[in-house]
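Consider the aromatic rings in the model shown here. The questions concern how they pair and what lies over them.

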Amino acid sequence: MRMSRLLAPTLREVPGDAEIASHQLLLRAGFIRRVSPGVYNFLPLMERVVRKVAQIVREEMDRSGAQEVRMPILCPADLWQQSGRWGAYGKEMFRLKNRHERDELLGPTHEEVVTAIAREEVRSYRQLPLNLYQIQTKFRDEIRPRFGLLRGREFLMKDAYSFHVDTADLEREYAAMCDTYTSIFNRCGLATRAVESDVGAIGGSAAHEFMVIVDTPGGECDILYSDACDYAANVERAETRVALPTYTPTDAAREKVHTPAIRTVAEQAAMLGIPVDQIVKTVVTLATWFDGPEGKPRHQAVVAVLRGDLKLNLVKLQNHLGCHELRTASDEEVLSHTGVVPGFVGPFDLPRGVLLVGDRSVETMRDFSTGASEKDMHYIHASWSDACRPASVADLVQAEAGMPCPRTPGGTLRATKGIEVGNTFKLGTKYSKAMGATFTTAEGGEEPFVMGCYGIGVTRTAQAAAEACHDANGIAWPVAIAPYHLVIIPANPKDEAVVAAAEQLYAQAAKAGIEAVIDDRDERAGVKFKDADLIGFPYRITVGKALAEGKVEFKPRLASEVATLPVDSVIDHVAGLVREATSGAPAPAPVLA
């Protein structure tokens, strides 16, 4: 490709609406242009990167035994009504009505469609296991699109779905898919780490996210990991060991005390002269379930109780309740549902219909202080009784850096950031049972398929590479997914010998299978160098004064020094580097720090 023909409109100024480095660089280097919030045009350079990522994904998925299919973007609502997700999925789903007033949607994911395929086409255990995948455009109506392609409303995704006779076979395929994902990201030149994650709207019994670890503001996901073992989890999923309080309980009777204007746990502890971990605090939330095929909403106020020195994890509470939506109640809603001014709500004397649930930290507590469900009043010396205790108890704590490792005694949780590029889910029979998708067993009975689900954000992976691989001058693409491997720069476009040598190298590169760009623009060498670094070509050859000695300058993108190589052998040298970089060798292990 000739630079004079390449549509790569580079910018010198940082776009004002781009918050993180990779988004800024993709705009500045002429890879993408915004059409509307969360929707982008891919210019030629970006299209080449995305195609390369998709091809690596396709090759590794095919190698794993998965089969490629194509499912529709436009899906009928009835399939989602069968699974129960039509009303439950939430406002991220693009819903529409066709000319016949029938409900349809733009697929954010395809569990329902692929389950219908298995229901209609797979009859016997002899046809299992089966793994079907597609590389398809997805749509999600993000409330706040940001970070370029990392949180967009339209994106390219590889989604795969596996079907099995039992859980043991799902576990085998799940492990195989995790290995396949490692190979995919290695080939893309990205070091990833699989961390435990929340199942979210997809559902299932367990899930993992594959993270590119980045120590930049572009690391949108908070990760907690152990300094004593290989435990790592998304902060929404992370567990911890809750240490026992240090105070000595007494057998004093529960007593109501006047605590005017007290609203926070810290203020309560200071006024009463007790440690924070001797307080049971309450968080009032509103839970919503969507019942039936039409997703009729059902609401309930839920009061969560936990120890005063801990924070509530709303995702954990939502999973425990099995509700579809959960949020913290406003001050007005607290008063409406409990009859109590915020700051004084306690677990005792709650109105009928308000559900009380507890974190494990409060299960055995006694002689604690808590709200008295009366303005300006708290209890001291309170304890659980048959008349008042949480209806259920679960791990509801927000884990944080510095807390104990949940797996290894003596270990401590540390924090880092990452970009999610892939995820895997053990779906079990969630969709097959709901949609009546069964197979005939070896014994002649009927059983629902046991399912797995595996996604890779293709466009996410492309931008994650730019976020993980850049410097102050621009992007530094991994060779395997770079738009072009090599840029050839004739330093003086008016020197006929220099131009002729550059053209000869360009022709040799094509014969050697190197994807090359020749910068034939009538621009100063400095301008060409800046654009080359900004765009992120992995290798650069400069034809200039050294040509008089039969040599050219060669520089890998991140090298600090320029090498001088013979003009007759430089293309062979580049070809060897490209072959080595695209061989699929493992990427460096991510450093969690």
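Questions and answers on ring contacts follow.

This is a predicted model, in which local features need pLDDT of at least 70 and side-chain atom pairs count only at pLDDT 80 or more, while totals for chains, interfaces and linings use all residues. Residues are numbered from 1 along each chain as its sequence is written, and side-chain values use heavy atoms, with hydrogens and water left out.

Q: How many aromatic pairs are there?
A: Rings of Phe, Tyr and Trp (its six-membered ring) pair if their centres lie within 6.5 Å; planes under 30 degrees apart are stacked, over 60 edge-to-face and the rest tilted. By this rule the count is 13.

Q: Which kind of aromatic pair do Phe94 and Phe139 form?
A: The ring centres of Phe94 and Phe139 are 6.4 Å apart. Their planes are at 90°, and the pair is edge-to-face.

Q: Is Phe139 buried or exposed?
A: Buried means under 20% relative accessible area, exposed over 50%, and partly exposed in between (1.4 Å probe, protein chains only). Phe94, at 21%, is partly exposed. Phe139 has 15% relative accessibility and therefore counts as buried.

Q: Which residue has Arg48 over the face of its ring?
A: A charge sits over a ring if NZ of Lys or CZ of Arg is within 6 Å of the ring centre and within 35 degrees of the ring normal. Arg540 lies over Phe529 at 4.2 Å from the ring centre. For Arg48 the distance is 4.0 Å, and the ring belongs to Tyr484.
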